[in-house]
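Subject: Structure for your review

Dear colleague,

Please find below the structure that I am handing over to you. I would be grateful if you could look through it alongside the notes that follow it.

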Amino acid sequence: MRLKSAIEDFEANTLGAVPGLLGRLSYVGRLRDGNATGNGRYEHWGLAKVYGDDAAQCAIRASHRALLFEVLKKPLAVLLKDVPESCSKEHLPEREFLASLAHCPPKPLSPAARAHLRSVLSALSALFESRDDANLRGASQPRQPAPEPRPPAGV
């Protein structure tokens with residue numbers, strides 16, 4: 001007798017081990033279309049083995065959509081803080097990780113949601129780029145030494 005549904009199991013056990021909201025979106029996106037047919041199916045052997053293929057497909061699809069809409073509702077400042085955590089196990093620089101997210105939305109996806117995701121990812125990439133540029137400018141400029149204090153006049 002199972003105590004959890006397929007979606008509860010997937011979200012608690014599988015997604016619970018993936019760091020960051022964007023990291024979970026990336027992970028689930030990579031589960032899709034892993035087969036040669038490219039038919040939009042998700043591949044998760046363990047979930048399919050325990051709950052059956054149809055239940056696994058429904059669970060992963062529902063989680064994928066929920067993750068996407070959670071990302072789209074988050075403020076950019078929250079997502080900006082999430083990026084380093086999310087790409088910590090991806091072995092990708094932050095900009096490459098953000099670029100890879102453009103290929104992981106669930107299908108089908110409305111044109112409005114696709115455009116919204118593109119704009120969020122574009123804004124995050126621009127914020128990382130401007131942050132990196134500011135750090136480079138700040139690091140390359142030598143600091144001026146503080147002026148030495150002068151003794152009071154007449155001493």
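The notes below begin with the chain as a whole and then turn to particular helices and residues.

Please bear in mind that this is a predicted model.

Overall architecture

The chain contains 7 helices and 0 strands, and its elements run in the order α-α-α-α-α-α-α along the sequence. It has 155 residues, of which 32% count as buried. The accessible surface amounts to about 9800 Å², and carbon and sulfur atoms account for 57% of that area. With regard to contacts between residues at least 6 apart in sequence, 66% of them join residues at least 24 apart.

Helix H4 and Ser63

Helix H4 covers residues 53-73. It is made up of 21 residues and spans 30 Å from its first C-alpha to its last, which is close to the 30 Å expected at 1.5 Å a residue. Its buried residues are Ala56, Gln57, Ala59, Ile60, Ser63, His64, Leu67, Leu68, Val71 and Leu72. Is Ser63 buried or exposed? Its relative accessible area is 1%, under the 20% limit for a buried residue, so Ser63 counts as buried. Leaving aside residues up to four places away in sequence, Ser63 touches Ile7, Phe10, Glu11 and Leu15.

Cysteines

How many disulfides does a search of the whole structure find? The search finds 0. A disulfide is a covalent bond between the sulfur atoms of two cysteines.

Packing of H5 and H6

Helix H5 comprises residues 76-86 and helix H6 comprises residues 94-101. The two helices pack with their axes 10 Å apart and at an angle of about 105 degrees. Because angles from 65 to 115 degrees count as roughly perpendicular, H5 is described as roughly perpendicular to H6. On the H5 side, the residues that meet H6 are Val83, Pro84 and Ser86; their counterparts in H6 are Glu94, Phe97 and Leu98.

Yours sincerely

Note on methods. Residues are numbered from 1 along each chain as its sequence is written. This is a predicted model: local features need pLDDT of at least 70, side-chain atom pairs count only at pLDDT 80 or more; totals for chains, interfaces and linings use all residues. Side-chain values use heavy atoms; hydrogens and water are left out. Helices (H or I, at least four residues) and strands (E, at least two) are DSSP runs, numbered from the N terminus. Buried means under 20% relative accessible area, exposed over 50%, partly exposed in between (1.4 Å probe, protein chains only). Contact means heavy atoms within 4.5 Å. Accessible areas come from the Shrake-Rupley method with a 1.4 Å probe; for residues, only the protein chains shown count as cover. A disulfide is a pair of cysteine sulfur atoms within 2.5 Å. The expected span of a helix is 1.5 Å times one less than its number of residues. Axes are lines fitted to C-alpha atoms, for helices over the stretch in contact, and angles run from 0 to 180 degrees between N-to-C directions. Angles under 35 degrees count as roughly parallel, over 145 as roughly antiparallel, 65 to 115 as roughly perpendicular and the rest as oblique.
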